[in-house]
Amino acid sequence: MCGIVGLYLKDRKLQASLGALFAPMLIEMTDRGPDSAGFAIYRDPVGDDQTKFSLASDDPGMEWTALCEGLEKALKCAARIEVQSDHAVLITGGEALAAQAWLGANCPDVRVVGSGRSIEIFKQTGLPKDVVEQFKLTSAQGSHAIGHTRMATESAVTTAGSHPFATGLDLCLVHNGSLSNHNDLRRELERGGIIFQTENDTEVAAGYMTAKLRQGLSLHEALEAGLVELDGFYTFCIGTADGFAVVRDPIACKHAVLAETEEWVAMATEYRAIAHLPGADTANIWEPEPHKIYTWGSVH
Amino acid sequence: MAELDLKQLGVRGVNSALHGLVDGANEQDWLITNPMGQHAIACGLDAPLNVTIKGHVGFYCGGMNQHAAITIQGHAGVGVAENMMSGRVRVTGSASDSAGATAHGGLLVIEGDASSRCGISMKGIDIVVGGSVGHMSGFMAQSGHLVVCGDASDALGDSIYEAILFVRGDVSSLGADCIEKEMRPEHLAKLTELLAAAGMEGEPAEFRRYGSARELYNFDIDNADAY
């Protein structure tokens, strides 16, 4: 089980209402995933010399401002932080890798759930409607978003085990299905330097993509390699800096539907999530074929 | 025509209203509006009603149908007309996977394409697809007919029993124990009847017939070493 959804706005005029359009899609998938929910939203890109980090902490007394000031001082750069419930979005100048290393060394309990120039990731256990409310999704603006509602099968219901999983700068992945060779792959990827935070199978798929991208493969090539090496059932939706990609395993047991109008492109596990969008009735609707990679926007 | 607004009544409300009707009820023609892709719409009908659904439906629409004629004016999700016993279901758009799964009787017409596993484990239903079907269609199909006016994707008729498959276009590959068979006059006659019943254009002579080689019915002692 699990539900995944993606919405990419072709008509810029709709960007002001991205959250209002996207939140009902996520909530409609509650039956498929009542354990946890999460989403990645692409908005307000920062400058070339800056990086945006999505951070999460289980500590209710987390001193986010202190974290921000500490980082500014240590890296001698300007930074600002915006807190959203138990998550925070940190925008910092300086080297992205240096900032990530500083966070790892100085705030080991803070999880970096995403990073890039425009991506922001929020995820939490609980019903999708509560997660939507907690992170004020309905009022969010932006260009595109992908989301996930989880019914846990392969690992525990935790915030860290919620989707989306980051796979690189401005990249993240949501998954409907289960992987059967994730333990083997995890060991192999760990030997190659990929660090995992959970026992979750989807995190392995994300780590796999990260490793392939680091090797210099394009996203398309990495997905093609995944079709060979990832064993199991899956429909993946991958958010990119300016679009998203969809891929299903060769057996295609896990449902997926795509719909496109002049104004938007949407992906969902079930059509009822898309039915809320304006013009869905007359959209071009089709089922993505197995073993085929679909992309919108430019895929780096 | 009586109207049922699914947005107001919900799936349960719509289905209850239709379940309450018996053969000979005054109102025979029903229109369901605002389906919004919800699941299990018009399931378990048991009277000769004419039901039209205006818009796209979710999973299992028209499942377990007996006697009713259901028209979906849009696309259908997974398992449309699954386990149908009799009656008709028509989809004017395309259908997702497992259309007509395990169905015992009746006629399912899909004007567009059907995706993977169309007619999986069918047990007597007749299915006519105007477009193409996805992989593993006719998987373990036991009886009935599957007519595909377009192409069939990989592993058509895998592990098929006694269902009869007719395909006009290309077949990517045949599944285990599925073979092409001779099109005899009785098959052409049946195909002509099915195309007419479905209201589909098509020259029966352009189709090819596929069915079971019956090699999997019995254990072959020569394969004992494989176990």
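The model is predicted, so local features need pLDDT of at least 70 and side-chain atom pairs count only at pLDDT 80 or more, while totals for chains, interfaces and linings use all residues. Residues are numbered from 1 along each chain as its sequence is written, and chains are lettered from A and ligands numbered from 1 in the order in which they are written.

- Leaving aside neighbours within four places in sequence, A:I274 is in contact (C-beta atoms, placed from the backbone, within 7 Å) with A:M25, A:V257, A:A259, A:A266, A:A268 and A:A280.

**Open sheet of chain A**

- Four strands form an open sheet in the order β4-β5-β3-β6 (chain A), with antiparallel pairing, where two strands pair if DSSP finds at least two bridges between them.
- Because β4 (79–84) and β6 (111–116) of chain A stand at the edges with a single partner strand each, one side of each is left without a neighbour in the sheet.
- β4(A) is joined by six bridges to the antiparallel strand β5 (residues 87–92) of chain A, and A:A79 stands opposite A:T92 in β5(A).
- Helix α2 (residues 64–75) of chain A packs on the sheet, touching β4 and β5 of chain A, and its direction makes about 160 degrees with that of β4(A); axes are lines fitted to C-alpha atoms, for helices over the stretch in contact, and angles run from 0 to 180 degrees between N-to-C directions.

**Strand β11 of chain A**

- Strand β11 (residues 232–240) of chain A is largely enclosed by the rest of the structure, because seven of its nine residues are buried (20 or more other C-beta atoms within 10 Å of a residue's own, with C-beta atoms placed from the backbone).
- Eight bridges join strand β10 (residues 171–179) of chain A to β11(A) in the antiparallel sense, with A:F233 as the bridge partner of A:S178.
- β11(A) and β12(A) form a hairpin with two residues between them.

Terms used
Two residues are in contact if their C-beta atoms, placed from the backbone, lie within 7 Å. A residue is buried if 20 or more other C-beta atoms lie within 10 Å of its own, exposed if 12 or fewer, and partly exposed in between; C-beta atoms are placed from the backbone.
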